[in-house]
Every structure is written in C-alpha cells, then in structure tokens.
Amino acid sequence: MIFRPFKSEWIKLRRRRLWYGSYGAIAGVVVMTTVVRIAGATHRVGSSGNLTLTQLARAGGLAQGVTGSTILLGAVSLSIAAAQFGGEFAHGTLRNLLVREPRRARLIVGNGLAILSFIVGAVAAATVVDIGAAFVMAHARGVTTAAWTSGTGMGDLGIAVGDMAIAVCGFAIVGMILGILLKSSVIAIATGLAVLLPVETIFTDAVPETARWLPGHLLEAVAQGGTSVAGFAAALVTVSAYLAGAVAVTLLVFARRDVTS
Amino acid sequence: MPLLAHASCGPRMPESCAVVTTGLTKRFGHRVAVDSLDLAIPEGSISGFVGPNGAGKTTTIRMLLGLMRPTAGSGTVLGYPLSQYKSYLAKVGALIEGPTFHPALSGWDNLAVLARLGGIASARIAEVLDRVGLGDRGHDPTRTYSLGMRQRLGIAAAMLPDPALLVLDEPTNGLDPHGIAEIRAMLRSFADEGRTVFVSSHLLTEIQQVCEHLVVIEGGHLVFQGSVAQLLASRAPELAVRTESPDDVDRLVALVRRHGHAATVSGRGAEATVTVSASCGWAGELNRLAMAEGMTLVHIAERHSTLEEAFFEITGSCTEESRERRTQAVHTETSDPPKVEEHTR
C-alpha cells in the first residue's frame, strides 16, 4: 500500500521544471567538481592540496567528481526534499492528500521513498554525465584513463556512487523531517543548510572531536567512504541511528498533529 | 443562556443520518472552537452549514475528516465512528477551505495525484473533469485557471471516489452569479444521485435556494438545526402595508400599536412601508380599522422572512424572548413537531 503514495508522489516529481532543475543542478555540481579537480591537478605534490595528475590516473580517479561534491549535493538534496514536503503545507494540499490517504505514516513513507528514488536517480544520471566530462578533461590534461575503465576503476566508481547515494539520501531525509516539522519549505531549507553548514563548522572549528558526532560531518564521511575523523562504518551506524530516531519522532508528531494548513 | 434547537434528522427526512455527532468539542489551549456540537445530517439531503466567521465550521469539518482530533465528544460518519475515519474516508469527498492544488501541475495531474493515492481508476479523472465542465482544460496548468475553474476542479477532486458523502467548505467563494448558479445546479444533481451533500457557505441566499436542511453554529455552539422551512416558519409573521397617502403613515403606525401590534416604518414618502408584526389573518381587520379612520391602504402583503434575516436574528441581535417565540412557533406551526433539545451557551 506504500506503493500508492509512492506512485502519487512521482506525478509531482516528474514535472519538467523540477526534473530539469534538480537533475541539472546535481549533474552541474558533480561535473563542475570534476572539471575543477582535473583542471587544477598538478604535476607533483604541492602545498595547494590539489590532486596530482598521477593520482588522477589511478583507478579511483574517475570518482573524484562524485566524492568531491558531497556538501553541494547534500545541500541540493536537502532542499529538494524540504521543498516537496514543506510545499504540501504551503500549498494547502496536504489536507487533500490526507483525505485520500488518512494513514499518515504510510503517506509520509511512500512519498519519502519516491523523493529518495528521485534523488538517487539524479545522482546516477549525474554520474553518467560526469564520466563523459571526466574523460574529456582527462584527454585535455593528458591523464591516462586506462585504470579508470579497469575492473578496479569501475568498482571504485560504483562504491563511490553508492556511498554518495547513501549520503544524499541522508541529507534528503533531514530535509523531509524539517519540511514536515517546520511546515514551510523556506524555513526548512534555511534551517537545514544553516545547521549542516555554518553551525556544524563552528562546532568542529572549536572542538574538532565533535565531527564524529555531528550529522552533516557524518554524512560527508559516509559519502567519502570514511574520513580520518570518522570511519565509514562508524559514521554510517551513528548517522543511521540519528535518522532513525528523528524519523520515528517525526512520524509520531505528524500522526498526532492537527492539520490546520 | 439556553438555546433551543432541533437535533434530529427531521420528520420528513430519511430515518438514517449520514453524519451524527454528540458533544463534539475542540479546544485550542483555552479557546473553545467547537463546543458540544450535536449534529444530525440526514442521509441523501443537501445540508447547509452556516455561521459567522470563526464560528467553528471549518474546525468541525476537519474533525469529521480526521484532520483534527476532537478534544471531546463522539459521532459517526456513514455509520462508522469518528475514530475510524480511515474506514469511511474512502466514501467521502471533500473540498476544505477552498480549492488547493499544485500550481505547476495540470488539473488532470492534480486529480491523478489524488486518484493514485486513493486507489481510484484513472478513467474516473476524465469523468469528473467532464462532470464539472473542465474536460477541455484538464491538461492546462492549474495556475492558469480562474477562481471559478479552481472551485470546479476542487469539486471534481471531491467527486473522484464516487462519494456517498460530499463535504464542501465554501464552494462558491469568489464566484460570479453565473458560477454560483452552476455550483448550485451541481449540488442539486449530486443530491439527486442519492449522495449526502454537507455544504458550508456564507452566501445565505444560495443556501436557502439549494438546501433543505440547515445547521447554524455560532461561537462553536449549535444555534439551529432542522429544515430551512422550519427556521423560516419560526420567525414571527409580518405584514407589509402601504397607505395611499404618505401623510397617513404615522396615523397607521399609531393605529396598529393601539391594537397591540408592533409596527416599524421603512422608506420615505410614497415608498414608505409599514411593517406590522401580525399574521395575514389580521390583514382584513387592519384594512377595516384603517378604512374606519379614513385611511386607504393600497398594499397589504404577508412578508416572507429570508434566511439572511433569520440568520442574523439567531446569531446576532435576537433576544431571549424572540428566541422563545421562535421556538414556540416551531411547535405550533409544524404539523409534526420536531424533537427539541436544550443547549447551554
């Protein structure tokens, strides 16, 4: 029965403006990251922190654009999800949906899965575009791409895309939760971005150890397959626990709350 | 202040009720939006739901639709308890607080969102769009729709599940007279198909024209429930009288008052009309009395109350005494007296 809200939500998701805007934004972010990384690659290790051309030529070089755009993709995903859910309150359409599907948890879960599938699709489409851009840029910079198309290279790309998909789903879930709880697209997006970007940065600047507990940093760690601060498994477990708790609270609040909009 | 109201499905109504509530109450903090509301909406009727702004109409509708949790009270909709709204909503169509749609989606897609959600066949979308006269505009974005078209699309959305009960909150808001007449005809056709239509509106003339049953609430309280005819009949009878000479108006008023009836004057000069609180049975006597005093009456007519007048009386300026009189009139003028319940404000 979750399939009904899932299919229903997809009617809204397939509108051209949203489709082109979201898929275009996500592909644009990934391609831009790839172009900047390959264009900025140096011949030898320097103080800039940029990748070297030798590093790029390794099997994992193709995934640089995907793994390097975590925060931007997270921000886009959070915004799309918050706008979809907050918009139902803003448009006043939530009441129509609840008359046709009064099982509120089912409605939210079905709609949420549809949005996640939309965002994962956008990441997959962006990856395809990014591969083309990466090969063009590699050719321009004279980077050897033989390792990219090897089994290891494809495997690394698959893992990177998978990790990124998990991370953007996490950001999207945060957007959905904020959209439902705050009942406004604008406030939800502003709050989400403010907390995940500057607020978390302030915390980690003050106390670096907090990075292993803050959701934005944990999602970033998941997207990058683990960082020096938080390993992949630890980050995934911790952020999953956060999100599971937040989803449970949101479903409870939404199920009991009067619909006044 | 006690008020009397009719709270059964009515003597000439079907025995069963589509909606029944007992003591339905909704509080927001210290504010009571709906207070011990006892509704009984006859099945198959068009029932009007009227009250001033903030009277609690929309809150009541939201409670019936499972969108708000009642603070107290109970009830049934289509035979199911209010708490089991998930069971009855599949048979209920609703337009709540005006039509709301995704502006970028077409009318067809907006309905498809609801149809897929409710497990309703897509073929039904074309049927309801045709029914409300939007068949040729169904694929246009709703942001290009006029208010009237959006209202009709809202009614189409409500009709999607082929409902036994239609709950329409202000379906004629913002419409021109032509649009209002269209909605009125639509409501009538829905009732002719055996559906129960529960419609709230500020347009009392429209309610009077299309509804056979009426619920009036004010400040969250029920102030009247019964047939429109009963409400109008409960008003004190009046005669509208004109004299041939405008100079006789004051003398006529004095004459009427001398004989124990109230009289008021509206209009001036040749247009002056004396409204006399008396039934048409006293018209002949009045004519004779006026003639005996040398006055010629050129117009004596029973004056029928409008729903608007009755509404203002029971929700606004009416006194305890007039309420008592109205209730007594209901008892004496209807052949089958309604059940009367007492409500405390």
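Buried area is the accessible area, found with a 1.4 Å probe, that two parts lose on being put together, summed over both. In this predicted model, chain A and chain B bury about 2900 Å² between them. Carbon and sulfur atoms account for 57% of that area.

**Who takes part in the contact**

- Chain A brings 30 residues to the contact, and chain B brings 34 residues.
- Three residues stand out on the chain A side: A:Ile11, A:Arg95 and A:Arg100 supply 26% of the area that chain A buries against chain B, more than any other three residues.

**The side of chain A that touches chain B**

- Which elements give two or more residues to this side? They are helix 1 (3–13), helix 5 (70–91), helix 6 (94–100), helix 7 (104–141) and helix 11 (232–256) of chain A.
- By residue type, this side of chain A divides into 14 charged, nine nonpolar and seven polar residues.

**A nonpolar patch on the surface**

- A:Leu181, A:Leu182, A:Val186, A:Ile187, A:Val249 and A:Val253 form a nonpolar patch on the surface.
- Together, these residues have about 480 Å² of accessible area.
- Helix 8 (151–182), helix 9 (185–206) and helix 11 of chain A each give two or more residues to the patch.
- A:Leu182, one of the patch residues, is found in helix 8 of chain A.

Technical notes: Residues are numbered from 1 along each chain as its sequence is written. Chains are lettered from A and ligands numbered from 1 in the order in which they are written. This is a predicted model: local features need pLDDT of at least 70, side-chain atom pairs count only at pLDDT 80 or more; totals for chains, interfaces and linings use all residues. Side-chain values use heavy atoms; hydrogens and water are left out. Contact means heavy atoms within 4.5 Å. Helices (H or I, at least four residues) and strands (E, at least two) are DSSP runs, numbered from the N terminus. Ala, Val, Leu, Ile, Met, Phe, Trp, Tyr, Cys and Pro count as nonpolar, Asp, Glu, Lys and Arg as charged, and the others, Gly among them, as polar. Patches are made of residues with over 30% relative accessible area and no salt bridge: like charges are joined within 9 Å, nonpolar side chains (Val, Leu, Ile, Met, Phe, Trp, Tyr) within 5 Å. Accessible areas come from the Shrake-Rupley method with a 1.4 Å probe; for residues, only the protein chains shown count as cover. A salt bridge is a side-chain nitrogen of Lys or Arg within 4 Å of a carboxyl oxygen of Asp or Glu.
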